[in-house]
Amino acid sequence: MFGIHQKLERNAIGFVIAIIVVSSIGGFMEIAPLFTIHETVEEAPDMRLYTPLEVAGRNIYIREGCYACHSQMIRTLRDDVERYGPYSLAVESKYDHPMLWGSKRTGPDLARVGGKYSDAWHVAHLINPRDVVPESIMPGYRWLAETPLKVDDLSLHLAAQRKVGVPYTDEMIANAAADAYGQAMPDSPFAAGVTARYGDATNVRAFDGQPDRLTEMDALVAYLQVLGRLTDAPYQQTASTEGAKP
Amino acid sequence: MISELTRGERRLALAVLTAVAILGLALAVAGRGDILAVHGGLIMASAVVLMFFVISGYYAPEPGEERFAQYYDTPTKAGVVLAMIWAVIGMGVGDWVAWLLVYPEMTFDAAWASFGRLRPVHTSGVIFGFGGNALIATSFHVLQRTSRARLPDQFSPWFVLIGYNLFCLLAASGYLLGITQSKEYAEPEWYADLWLVVVWVVYFSIYLRTLMRRQEPHIYVANWYYMAFILVVAILHIVNNLAVPISFGSAKSYSAFAGVQDAMTQWWYGHNAVAFFLTAGFLGMMYYYLPKRAGRPVFSYRMGILGFWGITFMYMWAGSHHLHYTALPQWVQTLGMTFSVMLIVPSWLAAANALLTLNGAWDKVRDDATLRFMMLAVVFYGLSTFEGSFMSIRAVNSLSHYTDWTVGHVHAGALGWVALITFGSIYAVVPWIWKQPSMYSNKLVEAHFWLSLAGTLIYVFAMWNSGIIQGLMWRTYSEGGTLAYSFIDSLVAMRPYYIARAIGGGFFAVGAVIGLYNVWMTIRQASAERAEAPDAPVVPALARSLQAGE
């Protein structure tokens, strides 16, 4: 064995090829089957798509690095489930390019934060977290409420996501900017189109409390309020396997 | 620097810089109205500044044939200085964000100053800025010595070093501007990722072209590790960063993968960035500088072989231990755990090989802080690989995951192993390449050593405490069968440990500042010596005969 190696280490090209082959095996064996084994991602026919406003909010969540302190992945552990809600399913992030499961809980998990607090609470919390949670060490994001949301490229965002597999329709792509306005301005003529395209369960509200303005705060709160609400599958799963998990 | 390039290389440099400037201009124009314009402008400005630099030295005399009689070390010199500068930046920002967790109001209501944007400046600054520059610089130095061959030309090492630092600059400035794809340790966006691929291809070609011209029949073990570092990082970088930009006029892209597949790809990348960036490359460093400094041959050739192939094969399976109890299928979690536990064998083979190499040189370890840096690094390497295997066990991971214990583990490796082996290697290589008997101040090396050790211990103990307390509080039940603590209870309990961590990190960062100062003063000492003898001929015998002839 060491004799063979003596020959190998005299040959630069051979050594390069050996490194590539030996190192590629692990990743190939673990990643490739995830695309082909059907059970990897559960079926959830009621799974909804992020609206353009929620996409914009998700991008603000990414931009500000929220994922560095907040996970979005409830593990199959009793204390995780009792603290945060039903454990996360793979299907819930099947449209998440990229996923935001996170790796650290400096703050609590957010996988099921949608609907847990009011919009006003989120706005107050984002402006200054210590106004609502005195012990919090989260930074304030005051400027979000004053920064107008950029909507002119939302169609491009949806189109790019369609290229990587999210089933946005032509109509959704064409109306992306209008739908973003409509979702945060319930009294505007754009509002009706949002529920028509994205389903009746879509939240249509003045998320930041300012019905006449579309701000980054609207987008981020809209995103936070939809977390864990895109499908009912995890809630049904828990009901049917109650007590089965440790 | 320009005077070391041949006329043809100067022309090539100008052509490449023109192309980069045009690319930057194209990005700036296409990205007007988007934040991408800032980066387009930055790329163009960097290229234009460098063009002026090349033009200013364009008519300097060409280097003569005598250059082939010496190794080409100027890029290594520049890389060492850049590594130390990035160390101060990266560790300084790291300590700043550590204090942010104690005093969260210190963001001045500015977007760029929040924890979420500064944290990747810290991680990329230390991993890519400090670690990457140190790897590039030392790899050029080690490659030439162990192959007994000069680098193939004078242009491509500069292209790699400067191109790589442009990538680091785009990364760090991008996070402050809000440009990130949120993949941990792979945050830079599509255009920076593509640029790094170009740089990396040239880096690999330097390696291969030098090895092809080597005068040694065998490729030395340090080069196996450096090659594994270059090749596997290329594979990981390309696969993990596959993405579709929303347009060529926008910095934003969407990952090709989603959900569970993306998570697995990300942690296959993330864990192997640890394996092949932060382990393989630095093992290459260790296998050259530690035996050289100790004056001892490597203890075992066979342990070297087994360790190398074990690490190259097994690490690539281990990434899924980051995803225990998640929506990732259990068979992948189990495979990841199994290989992570087995990894202790090649890891400890490498560590044992290094420590046994020191047998017969322990008196030097006692007296020489530089060698002590390397010895301690190997000890921390052994400890943190043991801890890593331990934490990958599912039951342990259920407690440690999402807590500060992970952060402590990473820093045991990053401070204790990566940074210490780098400082040791830099303190060894700086006097060699600047032709000095020793560093400017050995006392400062000693001070740096003790600051680093104290800082690392304070940091790691603080995070062990906070992580385990956090994990236990989250899973503690009251007698009534309900969760005993709210999340905020656990956060309040962290405060003393966050203060301790920031102090420990501060010690470490101050050590890096001392290191930069010491390197800088050594360089000044070397250039002062050269200035004292302005036109001293290279060959002393020739000088004597010239004087005699007068």
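Chain A has a mean pLDDT of 93, and 96% of its residues reach 70 or more; pLDDT is the predictor's confidence in each residue, from 0 to 100. This is a predicted model, in which local features need pLDDT of at least 70 and side-chain atom pairs count only at pLDDT 80 or more, while totals for chains, interfaces and linings use all residues. Residues are numbered from 1 along each chain as its sequence is written, chains are lettered from A in the order in which they are written, and side-chain values use heavy atoms, with hydrogens and water left out.

One segment calls for caution. Over residues 242-246 of chain A, pLDDT stays under 50, and the model has five contacts (heavy atoms within 4.5 Å) beyond four places in sequence for them.

I turn now to the interface. In chain A, 87 residues are in contact with 98 residues of chain B. The two chains bury about 8,100 Å² between them, 67% of it on carbon and sulfur atoms; this is the accessible area (1.4 Å probe) lost on putting the two parts together, summed over both.

Between chain A and chain B there are five salt bridges, each a side-chain nitrogen of Lys or Arg within 4 Å of a carboxyl oxygen of Asp or Glu. A:Glu64 forms a salt bridge with B:Arg117, with the closest N and O atoms 2.6 Å apart.

Which helix gives the most to the side of chain A that touches chain B? That is H2(A), with 19 residues; helices here are DSSP runs (H or I, at least four residues), numbered from the N terminus.

Terms used
Helices (H or I, at least four residues) and strands (E, at least two) are DSSP runs, numbered from the N terminus.
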